Amino acid sequence: MKVRLGIIGFGGMGKWHSENAPGAGVEITAVCDIEEEKREEARKRGLRVYDTADELLADPEVNTVILTVPNYLHKEMCLKACGAGKNVIAEKPAAMSVAELDEMEQACKNAGVLFTVHQNRRWDRDMRIAKKAYDDGLLGNIFTIESKLHSGNGYMHEWHIYKKYGGGMMYDWGVHLIDQILFMMPGVKVKSVYADIKNVLHEEVDDYFKILLKMENGITVHIELSTYILDYQPRWLVCGDKGTLMVKNFGCEGHLLRTGQFLEKLPPQITETVAGPTRQFAPLPPGGIVSEPLPEVETDWKDFYRNVADAIEGKAEPLIQISEVRRVLALMEAAWKSAESGTAVLFE
């Protein structure tokens with residue numbers, strides 16, 4: 001069955017889907033938005049346009065909808081869509097809470113329609129490089145992973161600055177960064193969560209968070225995001241007992257570093273440095289560290305849409321399972337609980 005997509009909400013992500021989904025064979029059948037300016041832009045793109053979601057959901061040619069409305073509307077739109085017999089793709093976060101997600105999932109099951117979530121960051125090349133290092137054991141026994149996203153742009157815009165609409169960076173990007181870690185280590189339990197969540201520049205919503213996850217496999221995960229750190233740090237740092245992998249940015253600049261000789265063969269004497277006398281942190285001699293290129297990976301965001309088409313036809317399971325989405329939301333709720341109490345929260 002060809003995916004004939006209706007886009008509910010023609011803001012930034014609605015436009016993005018209208019431009020990218022057709023490359024995977026998806027037909028953009030119709031869009032709707034409550035704002036005339038956005039409807040006019042859709043008309044200029046040659047799209048069928050409706051004023052309301054109810055009108056779009058009455059269109060018999062639409063068999064699947066994607067919800068690209070503000071976060072607080074996802075549950076309402078999902079229930080309407082599945083009630084109209086449409087398959088449902090929710091933008092992330094799928095819901096404002098685990099309880100909302102459970103209600104949405106049950107409604108879609110009762111209606112006999114597909115329900116999945118557009119977690120497109122699972123196809124990010126930078127994350128796939130870090131995942132390959134983990135999967136292939138390129139770094140030996142990994143003991144820590146850092147996933148950081150920093151920006152100097154500062155202020156958010158539009159509905160994202162309001163709590164009642166589901167704004168804030170935890171909902172906007174935290175859901176991605178947490179999902180990437182859980183996707184990287186499938187089946188590995190999260191033992192505990194510690195989080196510090198701040199409003200640095202914004203009055204109502206978070207724009208900084210630091211989350212520490214203690215994984216059952218012994219890895220400590222450090223996730224950090226800020227809209228106002230002006231000197232960016234590496235996007236990924238993955239450290240094992242056989243090497244260190246650094247991915248600097250979304251452009252995937254970086255390297256894999258290894259020691260050029262066994263550490264025990266280094267001279268044992270204390271070295272005088274600008275920081276004073278030290279043995280363990282003295283500069284390594286030439287050749288002490290060797291650099292290798294990052295591993296190669298193949299990835300394509302359009303695979304999400306291709307999988308949706310296969311899932312609707314019963315040829316494949318959805319790559320984004322609602323049980324996985326639920327786990328991410330539960331971990332986000334644990335992070336908020338930790339930040340409020342100032343203590344770590346046991347998770348799984």
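Let's start with a facing pair: Trp236 stands opposite Val247 in β12. The model is predicted, so local features need pLDDT of at least 70 and side-chain atom pairs count only at pLDDT 80 or more, while totals for chains, interfaces and linings use all residues. Residues are numbered from 1 along each chain as its sequence is written, and side-chain values use heavy atoms, with hydrogens and water left out.

Strand β11 (residues 236-240) runs antiparallel to strand β12 (residues 243-247), and five bridges join them. Helices (H or I, at least four residues) and strands (E, at least two) are DSSP runs, numbered from the N terminus; two strands pair if DSSP finds at least two bridges between them. Both strands belong to an open sheet of nine strands with mixed pairing, in the order β16-β13-β12-β11-β7-β10-β9-β8-β17. At its edges stand β16 (289-292) and β17 (345-346), each with a single partner strand, so one side of each has no neighbour in the sheet.

Helix α6 (residues 125-135) packs on this sheet, touching β7 (142-150), β11 and β12, and its direction makes about 170° with that of β12. Helix α9 (residues 322-341) lies across β8 (190-198), β9 (208-215) and β17, at about 60° to β8. Contact here means heavy atoms within 4.5 Å; axes are lines fitted to C-alpha atoms, for helices over the stretch in contact, with angles from 0 to 180 degrees between N-to-C directions.

## The six-stranded sheet

A second open sheet has six strands in the order β3-β2-β1-β4-β5-β6, with parallel pairing. Its edge strands, β3 (49-50) and β6 (115-118), each pair on one side only. Inside that order, β1 (residues 4-8) and β4 (residues 64-67) pair in the parallel sense over four bridges, and Ile8 stands opposite Leu67. Helix α8 (residues 303-312) lies across β4, β5 (87-91) and β6, running at about 180° to β6.

Beyond its neighbours within four places in sequence, Ser18 is in contact with Ile7, Phe10, Ile28, Arg45 and Leu47. A polar atom of the Ser18 side chain lies 2.6 Å from the backbone oxygen of Lys15.

Lys148, found in strand β7, also counts as buried, at 9% relative accessibility. Its side chain makes polar contacts with those of Glu146, at 3.4 Å, and Gln233, at 2.9 Å. A polar contact is a pair of N or O atoms within 3.5 Å; within protein, one must be able to donate a hydrogen and the other to accept it, and residues adjacent in sequence count only if both atoms are side-chain atoms.

## Aromatic rings

Rings of Phe, Tyr and Trp (its six-membered ring) pair if their centres lie within 6.5 Å; planes under 30 degrees apart count as stacked, over 60 as edge-to-face and the rest as tilted. By this rule there are seven aromatic pairs. Trp16 and Trp301 form an edge-to-face pair, 5.8 Å centre to centre with 70° between the planes. This pair links distant parts of the chain, 285 residues apart: Trp16 is in helix α1 and Trp301 in the loop between β16 and α8.

The ring centres of Tyr72 and Tyr165 are 5.0 Å apart and their planes are at 40°, so this pair is tilted. Tyr72, Tyr162 and Tyr165 form one aromatic cluster.

How values were computed: Buried < 20%, exposed > 50% of the residue type's maximum accessible area, 1.4 Å probe, protein only.
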